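Please consult the sequence and the coordinates alongside the text.

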Amino acid sequence: MAAGATRVFVSHLAGIAVFDPNGDQVGRVRDVVVMLRDQPAAGGERAARARPPRVLGLVVEVVSRRRVFLPMTRVTGVESGQVITTGVVNMRRFEQRPAETLVLGELLDRRVTLTETGEQVTVLDVGMQQLPARRDWQIDKVFVRRGKGGALRRRGETLTVEWTAVTGFALEEKEQGAATLLSTFEHMRPADIANTLHHLSAKRRTEVAGALEDDRLADVLEELPEDDQVELIGELPDGRAADVLEAMDPDDAADLLSALAEQEQERLLQLMRPQGADPVRRLLSYEEGTAGSIMTTEPIVLQPDDTVALALARVRNPDLSAPLAAQVFVCRPPDETPTGKYLGVVHFQRLLRDPPFTLVGSMVDTDLRPLPPETTLPSVSSYLATYNIVAAPVVDEGGHLLGAVTVDDVLDHLLPDDWREDAALEPQPPVRDRPEEVSPDDA
């Protein structure tokens with residue numbers, strides 16, 4: 001927003017940085033908290049008395065991924081793509097109260113009614129304005145699109161109206177869209193989207209998950225707490241649930257399925273294609289808490305007569321996680337797990353030191369002993385720490401490579417079950433800046 005302006009549309013706030021007066025970044029805006037006031041059920045005399053919602057504050061995600069509440073009274077400026085605060089931020093985790101509404105999470109994509117014509121429109125954005133000579137803000141504008149949406153109706157049919165010119169925000173909507181909210185996710189990492197979904201209502205979470213593409217939803221599911229994973233996969237149509245499970249990393253899909261009843265596990269596995277279901281079945285066959293149960297079945301596997309050039313091309317794959325891209329495993333054919341005889345590992349740094357035409361079979365590290373699939377998690381973590389590596393080969397009794405255990409998977413299983421919900425920062429003693437009650441006469 002330009003300097004000196006008093007209005008900003010909320011979608012422009014999504015993801016922008018929040019700074020203290022010294023220029024240090026506090027976090028990023030993830031939503032705006034408002035309190036709806038006297039929203040009319042229909043036009044008429046009450047509509048004339050309806051007042052715009054008061055903006056209570058911002059939901060800010062700090063570095064530790066904790067979401068905290070920043071009152072608008074602590075905001076000194078919203079300009080040039082950033083929010084400036086007084087420098088005092090209460091680190092208590094944000095918890096939405098029954099009377100509060102999240103603008104991005106709950107108001108966008110709603111179907112509301114123009115009070116003058118009775119026409120239904122879709123909310124694309126809302127504008128908030130700072131009241132003169134005060135730090136208080138209120139929602140005063142609504143940017144809407146006529147019609148039911150769709151690719152052919154997105155241009156030339158939008159308008160901005162006063163808040164009092166529409167009604168229906170306070171009504172429950174059974175099938176609320178998600179296109180506008182998804183646009184705010186475009187440049188967010190899957191872990192950040194997962195954090196956003198976790199803080200939405202169950203209804204809204206299901207709607208947004210249903211609108212995500214399969215690959216994107218798979219990435220997000222891998223970052224969600226187990227309860228949210230189970231809830232969302234249960235809300236998807238059976239065919240789509242199987243497609244999303246196939247798009248997940250096999251070890252993450254196995255973790256999710258292990259939280260379901262055996263009958264439900266088998267039903268979903270039967271719906272998956274064999275090439276997607278078979279690795280997941282293998283992982284589910286290992287005892288929980290062992291290397292076999294948490295390994296990935298898709299490490300980089302090369303044959304001994306492959307070249308360094310090919311190895312580096314495989315390492316460059318942007319879909320690989322950093323731990324998986326840190327080394328390649330050399331095996332006799334076949335080169336898909338379970339492979340032929342495991343020969344050893346070649347670390348990424350070694351690949352950088354040799355000419356591109358060098359055969360990987362000539363540089364194999366055979367000193368790094370592989371792990372059997374029954375190795376316990378404490379032993380796996382000790383192994384990674386002892387050898388200063390981020391991934392370890394898992395090999396069966398016949399010497400076939402089954403997969404690789406990566407450091408991120410070990411951490412996922414060693415940390416408490418609720419680690420995704422608990423940020424690294426402990427909350428400070430609560431200092432309540434949000435009003436317990438707001439008087440109906442409060443402007």
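The points below are grouped by topic and refer to a predicted model.

**Strand β15: burial**

- Strand β15 spans residues 327–331, and five of its five residues are buried, so the strand is largely enclosed by the rest of the structure.
- In a regular strand, side chains alternate between the two faces of the sheet.
- In β15, Gln 327, Phe 329 and Cys 331 point one way, while Val 328 and Val 330 point the other way, and all are buried.

- Strand β14 (residues 301–302) runs parallel to β15 and is joined to it by two bridges.
- Within this pairing, Phe 329 of β15 has Val 301 opposite it.
- A right-handed β-α-β unit is formed by β14, helix α13 (residues 308–315) and β15.
- Strand β16 (residues 342–347) pairs with β15 in the antiparallel sense, over five bridges.
- Here Tyr 342 in β16 stands opposite Cys 331.

**Helix α7: two faces**

- Helix α7 covers residues 226–235, and its buried residues include Asp 228, Gln 229, Leu 232 and Ile 233.
- These residues cover an arc of only 120° around the axis, which puts them on the same side of α7.
- An α-helix has 3.6 residues a turn, so residues three or four places apart point the same way.
- Asp 227 and Gly 234 are exposed and lie on the face of α7 turned away from its buried side.
- The packing partners of the buried residues of α7 are α4 (190–198), α5 (202–211), α6 (214–221), α8 (238–247) and α9 (250–258).

Conventions: Residues are numbered from 1 along each chain as its sequence is written. This is a predicted model: local features need pLDDT of at least 70, side-chain atom pairs count only at pLDDT 80 or more; totals for chains, interfaces and linings use all residues. Side-chain values use heavy atoms; hydrogens and water are left out. Buried means under 20% relative accessible area, exposed over 50%, partly exposed in between (1.4 Å probe, protein chains only). Helices (H or I, at least four residues) and strands (E, at least two) are DSSP runs, numbered from the N terminus. Two strands pair if DSSP finds at least two bridges between them. A crossover is right-handed if, with the strands pointing away from the viewer, the path from the first strand over the helix to the second runs clockwise. The arc is that of the directions from the helix axis to the C-beta atoms. Contact means heavy atoms within 4.5 Å.
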